[in-house]
Amino acid sequence: MRGRVREVLELELGTLNYPTSYQENTVKEKIMLQYAENFRGQYVYMYPDRKPLFLYPLNECRVQKFVSTTLRPTLLKHEELYNWEGCAQFVSDFLIVDSLDPIYDVPDYLFSPTTVLKRQKGNCFDFSNLLCSLLLGTGYDAFCVSGYAIKEMCLVDETREICPLLKESEPVKIDQDKQVVKRYAVKPVRELRSKFEMNQQAQKVAEKKAEDERRQKELERLADLKIKGTHDVMHGLRVHCWVLVLAGKREVPENFFIDPFTGNSYKTTNEKFLGIESIWNHRNYWVNMQECKFGCKDMVFDLGDPVRWEYMLPDTENSQLAIPESYDYLTDEGFDDDEKEMEKIFDMPPSWIQAINIPAKDIETRCPKGEKIIQYKKANLEKYAPYLNIDGMVMRLIEYEDIECTSFVKVTEWYSNRKDMLEKIERNMRTRTITENFKNGRSMAVKKHLFRSSEPETDRTLKYISQLRVDGLVSRVENPTEMTEIFKDRPDFLIYRQTSFAKRVRKVKLPGTFQLNYRTIVKITERFARDRTKPAHQDVAERVFLITQEHIHLTYHREDDRITALKREFILPPNLLQKDDQEVNMEQIVITFEVDPLAKPCKNVVLYQTMMKLLKTQAASMQSVRDSEHEIREFLKDRAAERKANELGISVYDTERNEKAKEHRMEQMRLEEEQRMRCAEEELDYLAPFLARLGQPRRITKKVAMTLRNDCLTDMKQRLIDKANLIQSRFEKEAQELQSKQQWYQQNQIAMTKEDEQAYLAYCSEAMFRIHIFEMRLNKHKETAPLKYLALEEKIRKDPRLAKKLKNC
């Protein structure tokens with residue numbers, strides 16, 4: 001606790017920077033503290049053996065604040081923080097754990113979430129306070145829980161836990177459709193085996209499996225004892241704080257706990273939670289009255305039940321206690337009115353902390369300094385912020401063979417923002433294989449690459465996104481002697497192609513020459529899906545080209561009512577394509593197996609045309625194989641260059657990292673500033689219109705200077721004259737209107753009423769006032785006009801652009 005007090009003393013230096021709500025209590029908060037003190041006194045008197053409640057700790061300004069007012073429900077604009085998984089993972093990654101001191105007592109201080117985010121450090125109560133504020137803001141029914149937990153959870157020791165990334169998801173059981181029993185179906189043959197022997201054998205297998213599991217658990221337990229030591233003497237006394245989420249809101253099906261240190265969720269019956277003292281949210285505070293002898297297994301979270309949960313403030317929302325009919329006198333109206341007034345007095349004060357704000361940069365960086373290492377059972381998990389590593393790695397999982405973590409067996413790395421669309425790499429030390437996974441958008445539509453060596457013509461497997469490829473390629477498996485390709489949704493119905501190669505023949509490469517040393521193709525096997533537009537005896541199912549033997553085997557699809565299919569074998573004569581006049585005996589070079597002995601034999605002309613077409617198809621298939629080999633080599637070449645470059649992609653919306661966009665933005669701002677300054681200068685420059693009239697001369701000569709001087713003075717003189725004429729015209733207009741009004745008064749003076757006479761006198765007064773003003777303006781203008789003219793002439797003489805040219809004028 002000394003370290004915590006030292007930090008508080010350091011924070012006192014910046015106390016003046018905190019708002020008034022941090023340093024003082026309002027009247028309502030003081031009443032709440034008095035009510036809490038009264039509640040604490042009654043609790044201590046009734047339960048002297050229980051630990052003190054966590055009610056009103058000190059804040060960062062050393063002011064007592066009720067724990068419920070330290071929560072502030074906050075909904076942030078970040079999409080990652082809209083569900084409980086994202087909030088819990090952010091809190092566990094962003095903050096550094098500061099263990100309680102002492103471990104068997106609640107802390108004296110509870111900082112506000114804004115201070116915790118600024119310090120990026122806190123204990124379990126600080127973690128839970130921040131996490132609960134975020135969950136309440138997103139609509140969850142969340143509570144902070146003060147209780148007891150096991151040593152590993154309090155000290156964030158996950159060396160006995162399996163990494164969440166390694167936990168196998170439970171297989172989804174699919175209900176098999178019941179087979180429809182046909183009336184005249186053939187009964188299956190009885191299995192002549194003893195059911196007793198089968199049961200005995202299954203029992204022996206189950207016993208052996210259970211014994212192996214027991215032995216494995218015992219070995220792991222001994223290894224854990226070797227590493228962690230003996231039984232924890234502080235078991236059940238270590239104070240811990242976590243978050244409870246009740247079912248109902250946000251479609252939560254059942255209650256569950258969240259450990260703020262790790263962000264993992266647990267069932268409320270989990271054995272790691274040993275007991276609960278109290279829970280609270282931003283509205284109320286509840287004390288657990290249930291027995292915690294067996295932990296939280298049998299605990300009921302019905303907060304409206306006063307027998308199990310003693311609440312501090314009356315809470316009609318969660319109150320579900322039914323009053324029997326025999327106690328109807330308790331619901332008397334006069335009695336309820338006084339009680340309702342008491343309830344209104346003791347409602348929870350509003351939160352005293354500032355609004356919680358998490359910048360987008362902190363959401364992206366997550367971990368302190370951008371990196372975090374978590375040690376699990378036989379595994380280490382490393383987390384990194386985006387763009388922290390030059391290769392774009394954001395997470396690495398190292399799996400070990402033993403519990404001491406001395407020899408690793410598998411390394412998995414996750415990447416982001418890679419230009420080559422690399423998403424994940426798995427390195428398996430046992431199989432000596434490397435697996436690369438790519439996102440959508442990769443060239444050649446590669447999705448997965450499994451290999452042992454980066455050299456061509458070695459064992460490798462490539463999987464593709466068939467929808468993004470023209471040839472519909474799904475996968476390609478290659479080894480030194482074979483290459484197998486799987487296709488899907490092709491217009492020619494090709495689904496499979498397997499190519500066999502001869503052993504590599506080493507050739508001497510002459511200096512200065514470049515040649516592709518392709519492997520010799522021995523055999524090509526192609527298979528096709530059923531084309532329902534053709535008869536089965538004309539639709540090829542499998543086509544085998546024996547290149548070196550010069551044979552071609554065809555197997556057609558089987559008819560629906562047949563058990564065998566039509567087959568043909570073509571024995572190609574030598575030099576068939578080189579001699580045009582060569583006579584070919586089709587009966588000697590074609591071997592046919594007919595399914596129907598009564599079917600008419602195929603004509604020799606048709607067989608000859610089929611053979612010639614197959615020769616062209618064989619050449620096209622060989623070219624397709626060469627294209628596949630070339631594509632693999634190009635892919636390996638690109639991967640080698642990409643591994644060296646490690647280029648990362650930066651979004652155009654990322655103004656901090658996108659240098660090109662940043663330079664462009666700065667250039668735009670500079671141009672806009674220059675344009676603004678230019679416009680301001682033009683607005684203030686009295687010579688600008690006259691220079692524009694002369695075509696913006698680059699150099700001002702004496703003649704141009706004289707012209708500018710004369711034009712400027714002439715314009716000034718004309719404007720002064722126009723202003724004098726304008727004032728004179730308005731003066732004359734007012735005088736003429738007054739004279740007309742006086743003539744009208746002389747003519748109608750006898751018949752005028754008193755009101756009309758008063759209106760006339762008021763008009764005459766206003767008109768005389770306006771005439772007097774115009775007269776004063778005209779006189780003042782006559783006095784100041786020559787001065788303005790002389791001032792402009794002096795300004796022109798002193799203008800640096802015209803002074804030298806007009807010096808002797």
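Colleague: Let's start with arginine 476: where is its place?

Modeller: In strand E18. Keep in mind that this is a predicted model.

Colleague: What makes arginine 476 count as buried or exposed?

Modeller: Its relative accessible area is 2%. Buried means under 20%, so arginine 476 is buried.

Colleague: Which side chains does the side chain of arginine 476 make a polar contact with, and how do you know?

Modeller: One is the side chain of glutamate 485, at 2.9 Å. Another is the side chain of serine 628, at 3.4 Å. The cut-off for N or O atoms is within 3.5 Å, so both pairs pass on distance.

Colleague: What else is arginine 476 in contact with, leaving aside neighbours within four places in sequence?

Modeller: The list includes Arg460, Thr461, Leu462 and Tyr464. Arg469, Met483, Glu631 and Ile632 are also among them.

Colleague: Why are glutamate 478 and arginine 460 called a salt bridge?

Modeller: Their side chains come to 3.6 Å, N to O. The rule asks for a side-chain nitrogen of Lys or Arg within 4 Å of a carboxyl oxygen of Asp or Glu, so 3.6 Å qualifies. Glutamate 478 belongs to strand E18 (residues 473–478) and arginine 460 to strand E17 (residues 460–464), so the pair ties together parts that are 18 residues apart in sequence.

Colleague: Are the two partners, glutamate 478 and arginine 460, buried or exposed?

Modeller: Glutamate 478 has a relative accessible area of 4%, and arginine 460 comes out at 2%. With the buried cut-off at under 20%, both are buried.

Colleague: What makes arginine 497 and glutamate 485 a salt bridge?

Modeller: The N to O distance between their side chains is 3.1 Å; the limit is within 4 Å, so the pair counts. Arginine 497 sits in strand E20 (residues 494–501) and glutamate 485 in strand E19 (residues 482–487), so to speak a link between distant parts of the chain, twelve residues apart. Arginine 497 and glutamate 485 are buried.

Colleague: Which residues do salt bridges that share partners join into one network?

Modeller: Arg469, Asp471, Arg476, Glu485, Arg497, Glu526, Arg543 and Glu631. By the salt-bridge rule, the count comes to 48.

Colleague: Switching to helix H3 (residues 27–46): how do you know that its span agrees with its 20 residues?

Modeller: At 1.5 Å a residue, H3 should span 28 Å, and its end C-alpha atoms are 29 Å apart, which agrees.

Colleague: Which residues are buried in H3, and why say they line one face?

Modeller: Glu29, Met32, Leu33, Ala36, Phe39 and Tyr43 are buried. Viewed down the axis of H3, the buried residues fall within an arc of 125 degrees, so they line one face of the helix. An α-helix has 3.6 residues a turn, so residues three or four places apart point the same way. The face of H3 turned away from the buried side carries the exposed Val27, Gln34 and Tyr45.

Colleague: What covers the buried residues of H3?

Modeller: The cover includes strand E7 (273–280), strand E8 (285–288) and strand E9 (309–311).

Colleague: Which residues touch the most other members in the largest nonpolar core?

Modeller: Phe125, Leu135, Ile276 and Tyr285, out of 85 residues. Helix H6 (residues 124–137) gives the most to this core, with nine residues. A second, separate core has 37 residues, including Leu422, Leu473, Leu572 and Met611.

Colleague: Why does asparagine 281 count as buried?

Modeller: Its relative accessibility is 6%, and the cut-off is under 20%, so asparagine 281 counts as buried. Asparagine 281 is in the loop between E7 and E8. A polar atom of its side chain lies 2.9 Å from the backbone nitrogen of asparagine 284.

Colleague: Last one: why is lysine 782 called exposed?

Modeller: Its relative accessible area is 55%. Exposed means over 50%, so lysine 782 is exposed. Lysine 782 lies in helix H16 (residues 754–798).

Note on methods:
Residues numbered from 1 in each chain as written. Predicted model: local features only at pLDDT ≥ 70, side-chain atom pairs only at ≥ 80, totals over all residues. Heavy atoms only, no water. Helix = DSSP H or I, 4+ residues; strand = E, 2+ residues; numbered from the N terminus. Buried < 20%, exposed > 50% of the residue type's maximum accessible area, 1.4 Å probe, protein only. Polar contact = N/O pair within 3.5 Å; in protein donor to acceptor, adjacent residues only side chain to side chain. Contact = heavy atoms within 4.5 Å. Expected span 1.5 Å × (residues − 1). Arc of directions from axis to C-beta. Core = buried A, V, L, I, M, F, W, Y, C linked by side-chain atoms within 4.5 Å.
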